[in-house]
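Here is a guided walk through one structure. Keep the sequence and the 3D view side by side as you read.

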Amino acid sequence: MRSARIVLCALLITGAAALSPTTASSAPSAPRSAFALSSTAFTDGGVIPKVHECTSGGGSDPAKRNESPPLTWSGAPAAAKSYAIVMRDLDNANLIHWVIYDIPPSTTSLPQNVDHTYRPSVPAGARQVYYRGSASLYGYQGPCSPSTVNTYEFVVHALDQASLTNLNSSSSTRTAAREIAAATIGSARITGES
């Protein structure tokens, strides 16, 4: 009889624990969509088409037109007040090839061939950093590694500021990348080979 009471008490305690508010609240919440970046020009880790390669590498290939690739992102943090994109050559000391920032929070994609100007026409309000290297221009400088295959990384940053007011038309790519990193509340990336 005594052992039956012990078993009954154990069952009641176990049942009560299973119904406790603490256990109920620890159930997993609905899955949150992940922040993702993609391109219709190439798959993550795939080959970047020649149209997106630089025109300043000394080659005469007419397919190399230095056009930025189309990019699309989704699942960004709801608190994002603007976006920025930074492109780096991971095999060349993380050399920064492109910085575009002050992209409005309603924007979720960039078209192919963003203007090579400080204030491109699309997306309205965005600004680009001047690239000083194998070319001297505002905006995108495509892959320039004629003798090797390098990995290029595109990162879209969700920022907690509507505008990076510390940056201007003479800011360097490194300065811009630091300002973007300091304001980032989330990011997504894609890489390509060229």
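**Aromatic pairs**

Five aromatic pairs turn up in a search of the whole structure. Rings of Phe, Tyr and Trp (its six-membered ring) count as a pair if their centres lie within 6.5 Å; planes under 30 degrees apart are stacked, over 60 edge-to-face, and the rest tilted. Tyr118 and Tyr138 make a tilted pair, with 5.7 Å centre to centre and 50° between the planes. Tyr118 lies in the loop between strand S6 (109-110) and S7, and Tyr138 in strand S9 (residues 136-138), so the pair ties together parts that are 20 residues apart in sequence. Tyr130 and Tyr138 form an edge-to-face pair: 4.9 Å centre to centre, 75° between the planes.

Tyr138 is partly exposed at 21%, and Tyr130 is partly exposed at 23%. Here buried means under 20% relative accessible area, exposed means over 50%, and partly exposed is in between (1.4 Å probe, protein chains only).

Some ground rules apply. This is a predicted model, in which local features need pLDDT of at least 70, side-chain atom pairs count only at pLDDT 80 or more, and totals for chains, interfaces and linings use all residues. Residues are numbered from 1 along each chain as its sequence is written, and side-chain values use heavy atoms, with hydrogens and water left out.

**The sheet**

Turn now to the strands. Helices (H or I, at least four residues) and strands (E, at least two) are DSSP runs, numbered from the N terminus. Six strands form an open sheet. Their order is S2-S11-S10-S4-S5-S7, and the pairing is mixed. S2 and strand S7 (127-128) are the edge strands, each pairing on one side only. Two strands pair if DSSP finds at least two bridges between them. Strand S5 (residues 95-103) and S7 run antiparallel, joined by two bridges. Ile100 stands opposite Gln128 in S7.

A helix packs on this sheet: H3 (residues 173-183). Helix H3 touches strand S4 (82-89), S5, strand S10 (151-159) and strand S11 (184-193). The direction of H3 makes about 55° with that of S5. Such axes are lines fitted to C-alpha atoms, for helices over the stretch in contact, and angles run from 0 to 180 degrees between N-to-C directions.

**Salt bridges**

How many salt bridges does the structure hold? There are four. A salt bridge is a side-chain nitrogen of Lys or Arg within 4 Å of a carboxyl oxygen of Asp or Glu.

One of them joins Arg127 to Asp102, with the closest N and O atoms 2.6 Å apart. Arg127 lies in strand S7 and Asp102 in strand S5, so the pair ties together parts that are 25 residues apart in sequence. Both residues, Arg127 and Asp102, are buried.

Another links Glu153 and Arg189 through their side chains, at 2.7 Å from N to O. Glu153 belongs to strand S10 and Arg189 to strand S11, so this pair ties together parts that are 36 residues apart in sequence. Glu153 is buried, with a relative accessible area of 13%. Arg189 is partly exposed at 46%. Contact means heavy atoms within 4.5 Å. Leaving aside neighbours within four places in sequence, Glu153 is in contact with several residues, including Val86, Met87, Arg88 and Ile190.

Lys64 and Glu53 form a further salt bridge, their closest N and O atoms being 3.7 Å apart. Lys64 and Glu53 both lie in the loop between S2 and S3, so the pair ties together parts that are eleven residues apart in sequence. Lys64 is partly exposed, with a relative accessible area of 23%. Glu53 counts as buried at 12%.

**A buried serine**

Where does Ser68 lie? Ser68 is in the loop between strand S2 (46-47) and strand S3 (71-74). Ser68 is buried, with a relative accessible area of 0%. The side chain of Ser68 reaches the backbone nitrogen of Val114 at 2.9 Å. Leaving aside neighbours within four places in sequence, Ser68 is in contact with His52, Trp98, Pro111, Gln112, Asn113, Val114 and Tyr140.

Note on methods:
A polar contact is a pair of N or O atoms within 3.5 Å; within protein, one must be able to donate a hydrogen and the other to accept it, and residues adjacent in sequence count only if both atoms are side-chain atoms.
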